[in-house]
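The following explanation leads the reader through a structure, chain by chain and then residue by residue. Please keep the sequence and the model in view while reading.

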Amino acid sequence: MLEVRNLDTYYGNIQALHDISLHVEEGEIITLIGANGAGKSTTLMSISGIVPPRKGEILFQGDPIHELPPNHIVSLGICQVPEGRHIFPDLTVAENLDMGAFLRNDKKQIARDLDYLYDLFPILRKRRHQPGGNLSGGEQQMLAISRALMAHPKLLLLDEPSMGLAPLVTRQIFDIIKKINQEQNTTIFLVEQNANLALKVADRGYVLENGHITLHDRADALLANKDVQKAYLGM
Amino acid sequence: MVPGIVAFTGKFFPHSFTLLRNVADIMDFFEPDYFIELLFSGLTKGAIYALIALGYTMVYGIIGLINFAHGEIYMIGAFTALIVSTVLSIYGFPLLAIFILAAVAAVVWASAYGYTIERLAYRPLRNAPRLSPLISAIGMSIFLQNYVLLAQTSDFQPFPALVPDFAFMEPVAHIVGSTDLVILVVSVIVMILLTVMIKFTRTGKAMRATAQDKKMALLVGINVDNVISITFITGSALAAIGGLLIASHVGQINFYIGFIAGIKAFTAAVLGGIGSIPGAVLGSFILGLTESFATGYVSSDYEDVFAFSLLVLILIFRPAGLLGKSTIEKV
Amino acid sequence: MYTEKEEHHVLKPKSLHSFLAAFAFATGVSTGALAADTITIGVAGAHSGDLASYGLPTVKATELVVNDINEQGGINGMQLKMLAEDDVCKPEIATNTATKLVSENVNVVIGHICSGATKAALPIYRDANIIVMSPSATNPDLTQSGDYPNFYRTIASDDLQARTMVDFVTDKLHAQKVAIIHDKGDYGKGLAEFAKTFIEQAGKIEVVLFEGVTPGAVDYSSVVQKIKRSKADAVIYGGYHPEASKIVSQMRKKRLETAFLGPDGVKDDTFIKVAGANAEGVYATGPADVSQNPLTKKYRQKFIDQEGTDPGAFFNNAVAAALALTSAIEKAGSTDSEAIANALHNETAETPFGAIKFDASGEPIGIGFIMYQVKNGEYVQVQ
Ligand SMILES: Nc1ncnc2c1ncn2[C@@H]1O[C@H](COP(=O)(O)OP(=O)(O)OP(=O)(O)O)[C@@H](O)[C@H]1O
Ligand SMILES: [Mg+2]
């Protein structure tokens, strides 16, 4: 579904990604784990077209997308929940969700999706007229995921959804990620520092170190990998 | 004790008489009729500032840039209206038709300028240090002034009264003129339309989203470049309407009007909280009314002193302006 | 309308002046006796630098008049000679210029051009007892201070417009209350202040409002309301036409028909063009039209023939100064300063402005401002 080939991405003169290659199959959950500053967020931003790669290519369903503008990439069905959630603080919860469906025109289906999400996160329904900025961190994360789902993505890019959340909330969020993947058949590309959790929900995983992919395997294999255990699982 | 009480009442009563006299004095001083006249002068001024201030605040809200060339857009709108109305009156069009066509032409032409300025002078500097687009904006302002100076000379040119004297306004003409009324009404309508657009339309929501978080706006699929262009076009259109109305109010224009009006409107935008649309409107009316009452009750010599003291005072207590948001982000 | 902006004049020790003057006087006596068959006219002003365009027409004007007179045999048999000295309009240089001219034994001086430079140079001429006539220095102080009895000018002083407006408001319009509005600029505010002083000195009518407005503002209706409340019978405005037309238009729109008077900065066709119907009835002072005067025509033509361009600022005033001085010397029959002064005060001279003479303070009688009024879209002289 998504194929990244030999990607080099730079911030000015600083190279953040070195020859990154990875692929995501339809219906999968894959995860990208790595330390702070490894280049995880950069990888997602390159895919979304916010920080376009200088070299290499990105194919989505067989077509190159690495030269497309971000809005075009969204319209193909790739949505991202960025690190730090990025809720529009002065838009209400309902308006934030509405922004997620910015490129859609099917009003009826949008209303149905909204209902589905409100059922999924009842707290959002309760708060729908409040400014997004007033929500708690966990609520904002639910809102951010819901907003991305409002676009009806084929591929959902999630950047550290567990960051700053209490374990209970984290578990809840991960349950929902799995649920979305299963019920809606949404492919998921999950970036996490909480490698333990990520590898437990994922099918496959990549390990990123200083902008290089150093490991790639099935999730359970990575969980069992000694190096991974030492570096990322705190064992 | 007793002398004390006598002294007390003796002190108290004359004091209350003075107080009463003071109230009468104050009424005398304010002169209700005169007060109302000044009120309307201030409102007209405020409406004029608001039409220009909105453009400053919208652009600032979206890309954090003080568009110094905005005053020049207003000036170009006024010149477009002048040229079009002059040509149309030669062909004997009725006044209403001239007014409408001149307004349309001014809006279209000024918007084209606003759009082009953004494309040429600001977009290439989108990721440059903050100072670069600011300098580019000042350069644009100087360029446009001189361009119109060369094309139109520095002489003031008469601007036709596109708003006629309405017969029904005659009884109150000594307080509110017909152009004053039209300026007030049009600016109120424009502000309502703008509010509706920002609040409820898809474009308006995209504008708000872009203003609040540009990166996220990109990630939900908003074409941010288009939104920025639309913002410049909208702001320019408002300035052009302002240009037409204000020029027919004062009856003359030259290349420099944008600079002077621009400074005042910018002050109003900052006063209200730059980046905030209701703030720009509020700031404009406060500025207009302050100037009017300061002139009326104190002296027009100090009109600007009052206006800028007010600005400084408000910024001391509310650094982000009256309705401005201090930029603290929740993480 | 022309006022020297830099009014700083250099104060030099009095003794130095006197010393130089005494020195010049001594040499003057000796050479004056030797060269009694020529009369030397000094011409001082800005002949180079930024303001040369104000000074050079004076040199040319004097040259034209001198040549004319010499061709006709000079004055009482004596030939005229011209000596031009540059002061670049700077007071500190003007003192040197004056000293130089004095040491060259000039009989009279035409100059200087700028008020500041003139003021600095005058004590030197005074101490050498030389008559000076400026075609362009408009500062009222030069005549009113009484410090320079040797000073004359062929241009109206800055306060004359204010005087003309105040006289008109008092005597012709019979106003009781006057509002004075100005644009806070040097020209406008200066004029407004003169008008206020004149009205208060005369004590016949009252100034009910004195206010400065901000030039370029989008709206003057608050000031207009204030004028209305003041119940003024007339508005005297100090400033230029763009603000004047906005204020008048807003007065008329607010149905305020009070008489409006402006200075020569308002007596501009653009004012009528811009204010349109609202300009009707507005008064403005301006110099009399002298373009049809035969002397104006004659010297203008000579200038154009020789220079190929129109004469610049103060050319007519310079011709008038040259003609007034030479005519006074002729009538006095001598180059003695007392005799020349006497003639200047008592005998008229024909100039591009018509016949003029000078009052006791050295101001020209016959050069000044007259009142115009807009009628049917044109400024016409008020009878
Ligand atoms: N906007 C930027 N400008 C310059 N350098 C940047 C920028 N964003 C990231 N970087 C650099 O690129 C490298 C990769 O950063 P990135 O944000 O992709 O790391 P990450 O793996 O997401 O880290 P974290 O787990 O802390 O979120 C880092 O060295 C970082 O300093
Ligand atoms: Mg990251």
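**A guided reading of the model**

Of the 383 residues in chain C, 57% count as buried, where buried means under 20% relative accessible area, exposed over 50% and partly exposed in between, with a 1.4 Å probe and protein chains only. This is a predicted model, in which local features need pLDDT of at least 70 and side-chain atom pairs count only at pLDDT 80 or more, while totals for chains, interfaces and linings use all residues. Residues are numbered from 1 along each chain as its sequence is written, chains are lettered from A and ligands numbered from 1 in the order in which they are written, and side-chain values use heavy atoms, with hydrogens and water left out.

Chain C contains 13 helices and 15 strands; these are DSSP runs numbered from the N terminus, helices being H or I with at least four residues and strands E with at least two. The radius of gyration of chain C is 22 Å, close to the 21 Å that the globule rule gives for 383 residues, so chain C is as compact as a globular protein of that length. That radius is taken over C-alpha atoms, and the rule is 2.2 Å times the number of residues to the power 0.38. Along the principal axes, the C-alpha trace of chain C spans about 75 × 45 × 40 Å. Among contacts in chain C between residues at least 6 apart in sequence, 68% join residues at least 24 apart, a contact being heavy atoms within 4.5 Å.

Asn105(C) sits in the loop between helix H3 (91–103) and S3, and its phi is near 65 degrees, a positive value in a residue other than glycine.

Chain A has 10 helices and 10 strands. With a radius of gyration of 17 Å, close to the 18 Å from the globule rule for 235 residues, chain A is therefore as compact as a globular protein of that length. Its C-alpha atoms fill a box of roughly 45 × 40 × 30 Å along the principal axes, and 54% of the 235 residues of chain A count as buried.

How do the chains meet? There are 2 pairs of chains that touch, and the most contacts are between chains B and C. Chains A and C do not touch, their nearest C-alpha atoms being 35 Å apart.

The interior may be followed through its nonpolar cores, which are sets of buried Ala, Val, Leu, Ile, Met, Phe, Trp, Tyr and Cys residues joined through side-chain atoms within 4.5 Å. The largest has 92 residues, and those touching the most other members include Leu54(B), Tyr74(B) and Ile253(B). Helix H2 (residues 32–63) of chain B gives the most to this core, with 13 residues. Apart from it lies another core, of 46 residues, among them Phe121(A) and Ala219(A).

Ser178(B), in helix H6 (residues 178–200), counts as buried because its relative accessibility is 6%. Beyond its neighbours within four places in sequence, Ser178(B) is in contact with residues including Val163(B) and Met169(B). Thr153(B), in the loop between helix H5 (131–152) and strand S1 (157–158), counts as partly exposed at 40% relative accessibility. Although not a glycine, Thr153(B) has a positive phi of about 65 degrees.
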